[in-house]
Amino acid sequence: MKTSTVWLLPLAALATTTTAAESAKLNAVEEVFRRSWNGYREHAWGHDSLRPISNSYADDRNGWGATAVDALGTAIIMGLDDVVDDILNYIKTIDFSKTDTEISLFETTIRYLGGMLSAYDLLKGPYKRSDLSAKAVNVLLEQSVVLADNLKVAFNTTSGLPDNNLFFDPEPRVAGSWETGLAVAGTLILEWERLSDLTGDREYGNLVKRAENYLLNPQPPENEPFPGLMGSRLFVENGTFADNIGSWGGGSDSFYEYLIKMYIYDPDRFEFYRDRWVVTAESSIEYLASHPTTRPELTFLAMFSGTEPQFYFSHLGCFSGGNFILGGLVLKEQRYVDFGLDLTAGCHETYVQTSSGIGPELFQWQDKDTPLDAGNNHGPETDAQREFYKDAGFWIMNSQYVLRPEVIESYYYAYRATGDEMYREWAWDAFVSINRTCSVGSGLSAINNVMLVDGKADYQDFQESFLFAEVMKYIYLILSDDSDVQVKKDGKNLFVFNTEAHPIKVLGS
Ligand SMILES: *[C@@H]1O[C@H](CO)[C@@H](O)[C@H](O)[C@H]1NC(C)=O
Ligand SMILES: *[C@@H]1O[C@H](CO)[C@@H](O)[C@H](O)[C@H]1NC(C)=O
Ligand SMILES: *[C@@H]1O[C@H](CO)[C@@H](O)[C@H](O)[C@H]1NC(C)=O
């Protein structure tokens, strides 16, 4: 590990008391939570996702009530005891051995397992309530064990690398997939290790650790085109990488995210994960950082195909700013914090430049340091894109917004690291834009076009469960006082957030 000798302390101190303006904002966040929660409670209760316009539901996460489980931790942190009690009573009734549809090991782990383990840690720890019996809280761990016992068949493959796709019909079995992905296989370790540490049964963590070895020691070498940056598909049969195309965005993102988070969770057992994160971070700064020709002051992270960068970045990838900041705080490496703040500022531009004030799903630019006639560096193709690119520094390749959190998530880390009120303002502006543009019917809806405003947004009639787990939690926490659950600027965290923003108690904290 490289550490700089000079550790610059942030100049501004974190606010320690809530002002009247902040508490008015916290109340406004609670209003949005309650409105969309009530929509779910009335029209989609016990199902996965609310369809707020048709006042109906979708069972896109196996029908176990994904929104209820994903919302629990945020309701605990916001102190909404009536909602918490409602969800706790519901969770004990879920039958995690039955579903008619294919199960994603990854989605089930980050939403259901992460949601229940986090709520358990919160209610046993800083959010302990004297009016809740131990039995009411223990149900969260008991149901986590039931769920993981049904899921663990995923690891019964020739390599031990999990098949992400399962069926319970009625006995759990794997789908027999040829391939899996870096992110889906690499975003299990925090939740399954926590389950082992809480139950004393090492099997859960050991299954994932064995699989993770293929990701930490990637083969063949040509599919790790830059040190620590790999392709995104792997063969389930033997754990080798099937391609050399990757990024910090969808398909790879949370594998890199969890490397540093595992070191935070337990620095003794996960030192090697930290070393791999540092290698990835250094390569990303050296080979992927890119500045657009029209706005050279902006920093984005390119994707790559082999050693050739591709100048695309995504809403999903915008979590990277926060992850660099977190790594920098924990490793006391100011360069990583600064780079993370640059990425966060770049992603902020994707919000302020659109008509809705919300950033798009995918965008592109021309790199200022690559020849403009290079095959991987072509300019905008339409007049509208060209016009937009002049001032914005990027042009839009996919204009959806599906209630994702990553940009607000990075503002959260930026605020926790610097105490600079600007990041709270950026988060508030984003939240107001999301509420204004996506509120419809009985809740909030994903939209197809961030360039349409005034109620004309092309609604998808779909409210993802991560609206509650992530968007609502990060906006609430950035406006809140310091507490045990908050990210610490001295790097001494008591909790670490899973990729669905469920805070997991750091081992031994
Ligand atoms: C594991 O897979 C093998 C071979 O497909 C199968 O025979 C065995 O029953 C499976 N074990 C479990 C626990 O599912
Ligand atoms: C791994 O499995 C894939 C798919 O079956 C195969 O193409 C590849 O050659 C195998 N690699 C090794 C090193 O066995
Ligand atoms: C959210 O939208 C609702 C309904 O349009 C509005 O009443 C409320 O003031 C908005 N809240 C914020 C924080 O903008």
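Start with the shell around ligand 3: its residues divide into 3 nonpolar, 1 polar and 1 charged. (Ala, Val, Leu, Ile, Met, Phe, Trp, Tyr, Cys and Pro count as nonpolar, Asp, Glu, Lys and Arg as charged, the others, Gly among them, as polar.) This is a predicted model, where local features need pLDDT of at least 70 and side-chain atom pairs 80 or more, while totals for chains, interfaces and linings use all residues. Residues are numbered from 1 along each chain as its sequence is written, chains are lettered from A and ligands numbered from 1 in the order written, and side-chain values use heavy atoms, without hydrogens and water.

**Stop 1: ligand 3**

Select Ala28, Arg35, Trp428, Val432 and Asn435, the residues around ligand 3 (a heavy atom within 4 Å). Zoom in on Asn435. One of its polar side-chain atoms lies 2.4 Å from an oxygen atom of ligand 3. Now pick Arg35: a side-chain N or O atom is 3.4 Å from an oxygen atom of ligand 3. Then colour α1 (20-43) and α15 (421-438), the elements that give two or more residues to this shell. (Helices are DSSP runs of H or I, at least four residues; strands are runs of E, at least two.) The largest share, 3 residues, comes from α15.

**Stop 2: the disulfide**

Next, select Cys318 and Cys347. They form a disulfide, with sulfur atoms 2.0 Å apart (the cut-off is within 2.5 Å). The structure holds 1 disulfide. Both Cys318 and Cys347 are buried (under 20% relative accessible area, 1.4 Å probe, protein chains only; exposed is over 50%, partly exposed in between).

**Stop 3: Cys438**

Finish at Cys438. It is in no disulfide; the nearest cysteine sulfur, that of Cys318, is 16 Å away. Cys438 counts as buried because its relative accessibility is 0%.

Key:
A polar contact is a pair of N or O atoms within 3.5 Å; within protein, one must be able to donate a hydrogen and the other to accept it, and residues adjacent in sequence count only if both atoms are side-chain atoms.
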